[in-house]
Amino acid sequence: QVQLVESGGGSVQPGGSLRLSCAGSGFTLDNYAIGWFRQAPGKERELVATITSGGSTSYEDSVKGRFTISRDHAKNMVYLQMNSVKPEDTAVYYCNAKDIRDYATDYWGQGTQVTVSS
């Protein structure tokens with residue numbers, strides 16, 4: 001069964017850190033580009049960070065210098081390290097895997113809630 005599972009969400013104070021994980025289950029992520037998305041209440045889902053199968057990364061401007069996306073092929077995992085978090089980072093975070101061989105094929109996780117508040 002092909003599945004993506006996010007974990008690591010929770011409540012954190014402004015300025016704190018959190019690490020989100022995206023685990024591939026039932027398939028290997030090696031041939032997929034991975035994106036972390038987030039969706040805040042009443043807002044559209046937005047792309048936060050991406051990492052290619054080769055490890056190249058990109059970030060939305062608002063998180064540059066604060067968030068780091070990485071992957072561990074051996075563990076079939078992708079991470080989003082969130083540092084210096086802000087209240088506006090509050091959202092449900094989703095992992096997406098897009099097949100680099102067929103961009104019409106992708107998978108979504110169920111999401112994990114991140115709440116930044118004091």
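How many bridges join strand β7 (residues 67-72) to β8? Six bridges connect the two strands, which run antiparallel; strands are DSSP runs of E of at least two residues, numbered from the N terminus, and two strands pair if DSSP finds at least two bridges between them. The model is predicted, so local features need pLDDT of at least 70 and side-chain atom pairs count only at pLDDT 80 or more, while totals for chains, interfaces and linings use all residues. Residues are numbered from 1 along each chain as its sequence is written, and side-chain values use heavy atoms, with hydrogens and water left out.

Strand β8 (residues 77-82) also pairs with strand β3 (residues 18-25), again through six bridges and in antiparallel fashion. Y79 in β8 stands opposite S70 and also opposite S21. Five of the six residues of β8 are buried, and the strand is thus described as mostly covered; buried means under 20% relative accessible area, exposed over 50%, and partly exposed in between, with a 1.4 Å probe and protein chains only.

β7 and β8 form a hairpin with four residues between them. In the turn, N76 has a positive phi of about 55°. With a relative accessible area of 14%, N76 is buried. Its contacts, not counting residues up to four places away in sequence, are C22, A23, G24, F27, T28 and L29, where contact means heavy atoms within 4.5 Å.

One of these contacts, C22, forms a disulfide with C95, the sulfur atoms being 2.0 Å apart; the criterion is a pair of cysteine sulfur atoms within 2.5 Å. The torsion about the S-S bond is about -80°, so the disulfide is left-handed. Because C22 lies in strand β3 and C95 in strand β9, the pair ties together parts that are 73 residues apart in sequence. Both cysteines, C22 and C95, are buried.

The largest nonpolar core has 26 residues, of which W36, L80 and Y93 touch the most other members. Such a core is a set of buried Ala, Val, Leu, Ile, Met, Phe, Trp, Tyr and Cys residues joined through side-chain atoms within 4.5 Å. Two or more residues come from each of β3, β4, β5 (46-51), β7, β8, β9 (91-99) and β11 (112-116). β9 gives the most, with four residues. Leaving aside neighbours within four places in sequence, Y93 is in contact with residues including L20, W36, F67, L80 and V114.

The structure also holds five aromatic pairs; rings of Phe, Tyr and Trp (its six-membered ring) pair if their centres lie within 6.5 Å, and planes under 30 degrees apart count as stacked, over 60 as edge-to-face and the rest as tilted. The rings of Y32 and Y107 have centres 6.0 Å apart and planes at 55°, so this pair is tilted. Since Y32 belongs to strand β4 (residues 32-39) and Y107 to strand β10 (residues 106-108), the pair ties together parts 75 residues apart in sequence. Y32 is buried at 7% relative accessible area, whereas Y107 counts as partly exposed at 26%. Ring pairs link F27, Y32 and Y107 into a cluster.

R45 is placed over two rings. Its charged end sits over the ring of Y94, 3.8 Å from the centre, and R45 also lies over the face of W108, at 4.7 Å from the ring centre. A charge sits over a ring if NZ of Lys or CZ of Arg is within 6 Å of the ring centre and within 35 degrees of the ring normal.
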